[in-house]
Amino acid sequence: DDAPRTREQKGGPMKKRIWMVWGCILLLVLTACGANASPTEEAKSTVEGFFQAFAKMDTKEMAKFVPKEMREKQQSAEKESSSLNMDDPNVKKQVDMYKSVFAKVQAAYVSGEIEKGKTEGTLTYKVIAPDMMDLASKMMSIIGPNGQPDYSKLDLSTVKTDEKSLDIDVKWEDDRWVIADPQTLFMKTMGVQGNATDMMPMQP
């Protein structure tokens, strides 16, 4: 016990204290960065989170970025979609087809700022999405004599994509930024007309 300690042994406790101090400083810096995120950055996170979930057809994740009223409608729609018979090969092929198509969706921030204290704003994004008219045309070409599409003949890699600039309205609701009008954004993204509620993909 009385043996002299080496330099490394003497420095051990000091090194630990130094690393603890640095760890505390780093934690404070990271916390401050999160707390000081600008409204624009927070709104961008909402838009990009929405599109990432959109591309995965993850409706539960998408619900985090839409107004409360639409989240409630979404829950009702999911109950109806749960009745889909996923054991039916045609249903499964259709779901897989839509997943492949929506995976083509991408979004990149272009411009737009939201001032501190504001509860609404508009951000502009460059959005790349599948050309639904091209997909519809290809779907028509694979319909067999029985009136059902033969998905084995559908080459999704050939579906065209369309690039567009979209102004996306966001608003502050409760404790988060949400997409102000998800249905209109969906329709503009996919370049289609009609009832957005009917066309929104449902996760089985």
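Student: Among contacts in the protein chain between residues at least 6 apart in sequence, what percentage join residues at least 24 apart?

Tutor: A contact means heavy atoms within 4.5 Å. Here the answer is 66%. Keep in mind that this is a predicted model, where local features need pLDDT of at least 70, side-chain atom pairs count only at pLDDT 80 or more, and totals for chains, interfaces and linings use all residues. Residues are numbered from 1 along each chain as its sequence is written, and side-chain values use heavy atoms, leaving out hydrogens and water.

Student: Which residues have the most contacts inside the largest nonpolar core?

Tutor: A nonpolar core is a set of buried Ala, Val, Leu, Ile, Met, Phe, Trp, Tyr and Cys residues joined through side-chain atoms within 4.5 Å. Buried means under 20% relative accessible area, exposed over 50%, and partly exposed in between (1.4 Å probe, protein chains only). The largest core has 39 residues, and Phe50 and Phe51 have the most contacts inside it.

Student: How many aromatic pairs are there?

Tutor: Rings of Phe, Tyr and Trp (its six-membered ring) pair if their centres lie within 6.5 Å; planes under 30 degrees apart count as stacked, over 60 as edge-to-face and the rest as tilted. That gives nine pairs here. Phe102 and Phe186 are stacked, because their ring centres are 6.4 Å apart and their planes at 10°. Phe102 is buried at 2% relative accessibility, and Phe186 is buried with a relative accessible area of 2%. Tyr109 and Tyr125 make an edge-to-face pair, 5.7 Å centre to centre with 70° between the planes.

Student: Is Tyr109 buried or partly exposed?

Tutor: Tyr109 is partly exposed, at 26% relative accessibility, whereas Tyr125 is buried at 0%.
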